[in-house]
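Morning, everyone. I have one structure to walk through, so please bring it up on your screens. I'll take the contacts, then the fold, then the core and a pocket.

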Amino acid sequence: MENGTLALFAFGVAFTTIATWQMQGQIAAVRRRTATSRGKVVAVEFVDSHPGADGPCVGTYRAVVSFEAGGRAHRFRSVYGSSMHRPRVGSAVAIRFDPRDPDNAEVDRGQSAAMGRAVQVLFALSGVALLIAASVFDN
């Protein structure tokens, strides 16, 4: 196997493995979030994408959301963030949570969640395409 073919193969395996691993974990957690509710943004946290790096600070704003379920208050930081849109403290947001484990909660993104899954599927397909390219170029 030549260096170029080996690199294609390695990237293909890496892309496919990472995408599959991420999708499996997220799908399992999301499937358990069958209950819906309204939450309130109680804080906004800035998550630095490159902590300790020189240059301008780059990152995302993530909502910290509080809601009640089962007679108890719960709080979580959304994994979804935006570098351009800062959530407003005090605003109401739709959420989904696991009724057996309300700490497994997330902002209900609706259609944008499908976009995130589409990106992961494209990442996995890119990995498969690289694997195919590696096998074709090896011959």
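First, a term. A polar contact is a pair of N or O atoms within 3.5 Å; within protein, one must be able to donate a hydrogen and the other to accept it, and residues adjacent in sequence count only if both atoms are side-chain atoms. With that in hand, look at S91. The side chain of S91 reaches the backbone oxygen of R88 at 2.7 Å.

Before I go on, the ground rules. This is a predicted model: local features need pLDDT of at least 70, side-chain atom pairs count only at pLDDT 80 or more, and totals for chains, interfaces and linings use all residues. Residues are numbered from 1 along each chain as its sequence is written, and side-chain values use heavy atoms, with hydrogens and water left out.

Back to S91. Where does S91 lie? In the loop between β3 and β4, with β4 spanning 92–98. Helices (H or I, at least four residues) and strands (E, at least two) are DSSP runs, numbered from the N terminus. Is S91 buried or exposed? S91 counts as buried because its relative accessibility is 15%. The cut-offs: buried is under 20% relative accessible area, exposed is over 50%, and partly exposed is in between, with a 1.4 Å probe and protein chains only. Now its partners farther along the chain. Setting aside neighbours within four places in sequence, S91 is in contact with G39, K40 and V41. Contact means heavy atoms within 4.5 Å.

Next, D98. D98 sits in strand β4. At 4% relative accessibility, D98 counts as buried. Its side chain reaches the backbone nitrogen of R100 at 2.9 Å.

Now the whole chain. The protein chain has two helices and five strands. Along the sequence the pattern reads α-β-β-β-β-β-α. Of its 139 residues, 27% count as buried.

Start with helix α1, residues 3–32, where T17 lies. T17 is partly exposed, because its relative accessibility is 49%. T17 and V128 are 111 residues apart in sequence, yet 9.9 Å apart in space, C-alpha to C-alpha. T16 is also found in helix α1. T16 is buried, at 19% relative accessible area. Which residues does T16 contact, leaving aside neighbours within four places in sequence? A124, G127, V128 and L131. A10 is partly exposed, with a relative accessible area of 43%. For A10 and L131, the C-alpha distance is 8.1 Å and the sequence separation is 121 residues.

Over to the strands. G59 belongs to strand β2. With a relative accessible area of 9%, G59 is buried. G59 and D48 are 11 residues apart in sequence and 4.2 Å apart, C-alpha to C-alpha. Beyond its neighbours within four places, G59 is in contact with F46, V47, D48, S49 and S83.

Now the core. A nonpolar core is a set of buried Ala, Val, Leu, Ile, Met, Phe, Trp, Tyr and Cys residues joined through side-chain atoms within 4.5 Å. The largest one has 12 residues, among them V41, V65, F67, F76 and I95. β1 (35–48), β2 and β4 each give two or more residues to this core. β2 gives the most, with four.

Last, the second largest pocket. On a 1 Å grid over the protein atoms alone, a pocket is an open set of points where a 1.4 Å probe fits, with protein on both sides within 12 Å along at least five of seven lines; lining residues have an atom within 4 Å of a point. The volume of this pocket is about 270 Å³. A volume is the space filled by probe spheres set on the points, which are joined across faces, edges and corners. The lining has 16 residues, and A63, Y80, H85, P87 and V107 lie nearest the centre. β2 (59–69) and β3 (72–82) are the elements giving two or more residues to it. The largest share, four residues, comes from β3.
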